[in-house]
Amino acid sequence: MAASLENEDDVLVNDLYALLNVGKDATIEEVNHAFRSLSKIYHPDKHQDAARKRRAEEFFNKLKKAHEILSDQHKRTIYDTYGEKGLETEGLEIISRTKTPAEIIAEYERLQREKEERRLQQRTNPRGTISVGINATDIFEGYPQDDGDIYSPTLNVEINSMSMYQSVECPLTVKDTVIIGGNIQTHNGTGSGAFLATWRRLTSDKGWMEVEAAAGNGVGVSLKGFRQITRRCYGTSAIALHTTPKGFKPALSTMLAYQFDRDIQGRITYNAGFPSSISTAIVYSNQKHHAALLFQVGLANTYLSFNYIRKFQEDDAKLRGAIKLHRGSQTFLFPIHLSETISPSAILYGTFVPIAAFFLIKKLIVEPFLKQQKEQELEKKREEHADKLAKRKQEAKAATDLMKATVERSIEAEERKMGLVIIKALYGKLQGSDDGELIDRECIDVTIQLQALVKDSKLIVPEAVSKSGLPGFYDPCIGEEKSLYIRYKFRNRLHQATVGDMEPIRLPQQRHLMKDEHKS
């Protein structure tokens, strides 16, 4: 379907490509051929009855509009980029033959730029992270109590660290953004904090630059930049100046990175600050392993290092757990220190029990709640679009009625040459569709509609075209996945196939032959 503009209601919007049953890469000749073929069915002159002629005229006007847009390169460019609403934009000179498609798009974007910038000025994007460190080692490593002890030690669960970061993004234009934020952190009674203000600009679709000012335990300013050089290679640069009790401290660094494959990356970094150095690194990282080989040459020191990290650490590792919650763009993190050593009780109650409880709650409470919520949202969407859906259903019924005479002739012609005849076709939310049985009401019979598309014993529907936009079709289950079941006869042998809503159709095919027919 054509790309839609923001805030455009794309539910039950006509797909002009589906209406003519052509692909998005169709040539002008293919568009003209499809229009002429459908005109043989829906042209008003093909029908004598007054009511049928009136319905044919309504549908033919839609076909004519689709043909007019898709056969005109200028209008088609606008439709492919912005949908039908782009063609209705006031001030857009889509009729001019002196403008190229690129010039038309540029003109349209000029008309939309002010609206986009006003919308950006009214939008902010707050983000925040709160982390609270909890020490719960007393629960699993408390001092053991003897029967004769008078003193009974208490189990303490204490908060030993906390950090908070909050920022607000304020878009000024499509390319410029101001970020205002701050952070504080404390650990065992000592802490620090800073106020940050950043201006970021997208220099192109492959790079950005930003200026940041910070005030807290000192004052600093920095300039950073990023550039995607190739698909696998990128570079970053940063220059900074910070104040310290001893005076100003400048810093300059640049890095060039290359992604050899999904898990291996090479980096070379130059640091011109004090002390200056140059280093190169090869990093291998995936979900289970992390390894890094680093070689650095500098004024202060020169060294070669290698480190390797596994998911499971040595036996003397500390055991920790964490609770992480998300609400919108806010993150709440609660790391819990359970034990200084690997303790069986800490492992059981700190890992296995919470995981088991999580899956139990998810299965019995969360999933049923989300399923009910989704059903309510779908029901609300159906109610909101009930009038549109009823209209589309009525239009589909009228279009199907208009094609019946043509379909009857098509079936007779196909049967005489043992060609392609659609026996049964169901479209919508199908379950157990291999047998072709209608399990629920959320699907429609489209046998006649598909037979009308059969030409020379072939049925072809291009990919990336929703079946709901085909002549005589409509969406019987808005917001849900749909599929199409087809049972057809070719050379007097039964075939069947099930395809997804956006998948292409090409009939007949040998692999669609039913099992019983293979034996005959």
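**Ground rules.** I'm looking at a predicted model, where local features need pLDDT of at least 70, side-chain atom pairs count only at pLDDT 80 or more, and totals for chains, interfaces and linings use all residues. Residues are numbered from 1 along each chain as its sequence is written, and side-chain values use heavy atoms, with hydrogens and water left out.

**Helices.** I looked up α3 (residues 50-70) and α9 (residues 386-402), whose axes come within 10 Å and cross at roughly 110°. Axes here are lines fitted to C-alpha atoms over the stretch in contact, with angles from 0 to 180 degrees between N-to-C directions. Helices are DSSP runs of H or I with at least four residues, strands are E runs of at least two, and both are numbered from the N terminus. So α3 and α9 are roughly perpendicular to each other (65 to 115 degrees).

Next I checked who touches whom (heavy atoms within 4.5 Å). From α3 I noted Arg52, Arg55, Ala56, Phe59 and Lys62; from α9, Glu395, Ala398, Ala399, Asp401 and Leu402.

**Strands.** Then I went to β6 (residues 219-228) and β7 (residues 233-244), which run antiparallel and are joined by nine bridges. Strands pair if DSSP finds at least two bridges between them. A four-residue hairpin connects β6 to β7, and I found arginine 227 opposite glycine 235 in β7.

What does β7 pair with over 12 bridges? I got β8 (residues 247-259), again in the antiparallel sense. This hairpin has two residues between β7 and β8, and threonine 243 sits opposite phenylalanine 248 in β8.

Methods. Angles under 35 degrees count as roughly parallel, over 145 as roughly antiparallel, 65 to 115 as roughly perpendicular and the rest as oblique.
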